[in-house]
Amino acid sequence: GRACTTKALSGHDLGSSVYVVAIGKAASSMTQGAIEALGETIQKGLVITKYGHLHEGLRQDLRFSCIEASHPVPDQASLSAGDMLVEFLISAPVDAQFLFLISGGASSLVEVLPDGIVLDDLRKVNDWLLGSGLDIRKINSLRKKLSCIKGGKLTALLANRKTLALLISDVPGDDLSAIGSGLLVPDTSTENNS
């Protein structure tokens, strides 16, 4: 993740006010790659990753807020990460350039639930989905229906600010709407999953 991100960002001019959002099992290494490529242009960042996957150097970089959560089944930290993500996006200045770094595991690591759905409901659904034998596209299609941020819903919080997203795929066919359950990509699925 680190080398791929550094390479992908080399030669990019993202301006002088970059706000990094890294979510997934490779979030730490991708963030380190972004730091190597962009240096001091990164103003602030939020790193959301799996327990045990956070590089300690990021904790000491005062520009970054970091949280670890559960994978493959969400936990309370996943919901806290969702709250942090919403606050991070809302509080960024109007001239912020967002850089999203998304990798596998993002679906369980961060979540914002609709009213009436609680963590226990989400965990039961995820447990069932993971044992169902459904392919990842169908699993993510169902996850999107129980989320306020998946299936492209997160884009509403970007408020038309410039955004660049780099994704590391862990899904067959590299479908952008399936990676991390499509945080920034609208759900174009026509499947009836009810």
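Predicted model: local features only at pLDDT ≥ 70, side-chain atom pairs only at ≥ 80, totals over all residues.
Local features need pLDDT of at least 70 and side-chain atom pairs count only at pLDDT 80 or more, while totals for chains, interfaces and linings use all residues. Residues are numbered from 1 along each chain as its sequence is written, and side-chain values use heavy atoms, with hydrogens and water left out.

In soluble globular proteins, nonpolar side chains tend to be buried together. A nonpolar core is a set of buried Ala, Val, Leu, Ile, Met, Phe, Trp, Tyr and Cys residues joined through side-chain atoms within 4.5 Å; buried means under 20% relative accessible area, with a 1.4 Å probe and protein chains only. The largest such core has 29 residues, of which I23, I48, L85, L89, F98, F100 and L154 touch the most other members. Two or more residues come from each of β1 (18–23), β2 (42–50), β3 (64–69), α4 (76–91), β4 (97–102) and α5 (106–109). Helices (H or I, at least four residues) and strands (E, at least two) are DSSP runs, numbered from the N terminus. The helix α4 gives the most to this core, with five residues. Apart from this core lies another, of 18 residues, among them L9, I42, L58 and L101.

Contact means heavy atoms within 4.5 Å. Leaving aside neighbours within four places in sequence, F98 is in contact with residues including Y19, F88, L89 and L158.

S17 sits in the loop between α1 (2–9) and β1. S17 counts as buried because its relative accessible area is 15%. Beyond four places in sequence, the contacts of S17 are T41, Q43, P93, D95, A96 and Q97.

Note on methods:
Buried < 20%, exposed > 50% of the residue type's maximum accessible area, 1.4 Å probe, protein only.
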